[in-house]
Amino acid sequence: MDPQPARSVLRSAARLRHMTRRLDPGERGAILITVLTFSLLLVTMGLSLLDSGAYEARNVEQRQESARAFWLAEAAYERFVAEQYADASWLETHRNFSDTLSGSTYSLSVRDTTLGASPGYHLTTWGSVTGYNASSQRRLDLAVQTALAV
């Protein structure tokens, strides 16, 4: 058996021991403190990202609820137009109405704003959606000429 590879390994180990230096007593534990600080920094960043994701999910839900509330308020106006088109006397008995659609509500309030020979109506519509975190309400104010309403 050839002793050359064993000598080579021993020489490399001796060089490695010679290249590494001993730490002074004051430097002991510095690497541990550095690793712990870096770990704390990574944990803090991870928790921050998790919190940011949860906030963004709530924000998206609130925007969706707000959009649904807007479209419900728009549906109240469309209902007014459809009912008035089907029966011109409908407005006389329905100055205010509410309805529920898929667990959410919409409502309409009609005020006569006739000025002299220029008849018209002021419509206020509301859409209301109740979600997991909060409820959203949207309001539309519309001025309608009689020619459009009748």
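Phe38, Leu41, Leu42 and Met45 make a nonpolar surface patch of about 410 Å². Patches are made of residues with over 30% relative accessible area and no salt bridge; like charges are joined within 9 Å, and nonpolar side chains (Val, Leu, Ile, Met, Phe, Trp, Tyr) within 5 Å. Accessible areas come from the Shrake-Rupley method with a 1.4 Å probe, and for residues only the protein chains shown count as cover. Phe38 belongs to helix H2, which covers residues 30-86. Helices (H or I, at least four residues) and strands (E, at least two) are DSSP runs, numbered from the N terminus.

The model is predicted: local features need pLDDT of at least 70, side-chain atom pairs count only at pLDDT 80 or more, and totals for chains, interfaces and linings use all residues. Residues are numbered from 1 along each chain as its sequence is written, and side-chain values use heavy atoms, with hydrogens and water left out.

The protein chain has four helices and four strands, and its elements run α-α-α-β-β-β-β-α from the N terminus on. Of its 150 residues, 20% are buried, where buried means under 20% relative accessible area, exposed means over 50%, and partly exposed lies in between (1.4 Å probe, protein chains only). The chain exposes about 11500 Å², and carbon and sulfur atoms supply 59% of this area. Among contacts with a separation of 6 or more, 44% are between residues 24 or more positions apart; a contact means heavy atoms within 4.5 Å.

The four strands form an open sheet in the order E1-E2-E3-E4, with antiparallel pairing. Strand E1 (96-101) and strand E4 (135-145) are the edge strands, each pairing on one side only. Neighbouring strands of this sheet are turned by 15 degrees against each other on average, direction ignored. Two strands pair if DSSP finds at least two bridges between them; strand E3 (residues 120-130) and E4, which run antiparallel, are joined by 11 bridges.

Ala76 lies in helix H2 and is buried, with a relative accessible area of 0%. Not counting residues up to four places away in sequence, Ala76 touches Phe97, Tyr106, Ser107, Leu108 and Thr125. The C-alpha atoms of Ala76 and Asp99 are separated by 8.5 Å, although these residues are 23 residues apart along the chain. Ala67, also a residue of helix H2, is partly exposed, with a relative accessible area of 34%. Between Ala67 and Ser136, 69 residues apart along the chain, the C-alpha separation is 8.8 Å.

Salt bridges form the next topic. A salt bridge is a side-chain nitrogen of Lys or Arg within 4 Å of a carboxyl oxygen of Asp or Glu, and by this rule there are four salt bridges. Glu83 and Arg79 meet in one of them, at 3.2 Å from N to O. Both residues lie in helix H2, four residues apart, about one turn of the helix. Glu83 is partly exposed at 26% relative accessible area, and Arg79 is partly exposed at 27%. Arg79 also forms a salt bridge with Asp99, the closest N and O atoms being 3.1 Å apart. Because Asp99 lies in strand E1 and Arg79 in helix H2, the pair ties together parts that are 20 residues apart in sequence. Asp99 counts as partly exposed at 31% relative accessibility. Salt bridges that share partners join Arg79, Glu83 and Asp99 into one network. A further salt bridge links Asp141 to Arg139, with the closest N and O atoms 3.3 Å apart; Asp141 is partly exposed, with a relative accessible area of 43%.

Finally, Ser102 is placed in the loop between E1 and E2. Phi of Ser102 is near 55 degrees, a positive value in a residue other than glycine, and Ser102 counts as exposed at 77% relative accessibility.

How values were computed: Axes fitted to C-alpha atoms, helices over the stretch in contact; angles between N-to-C directions.
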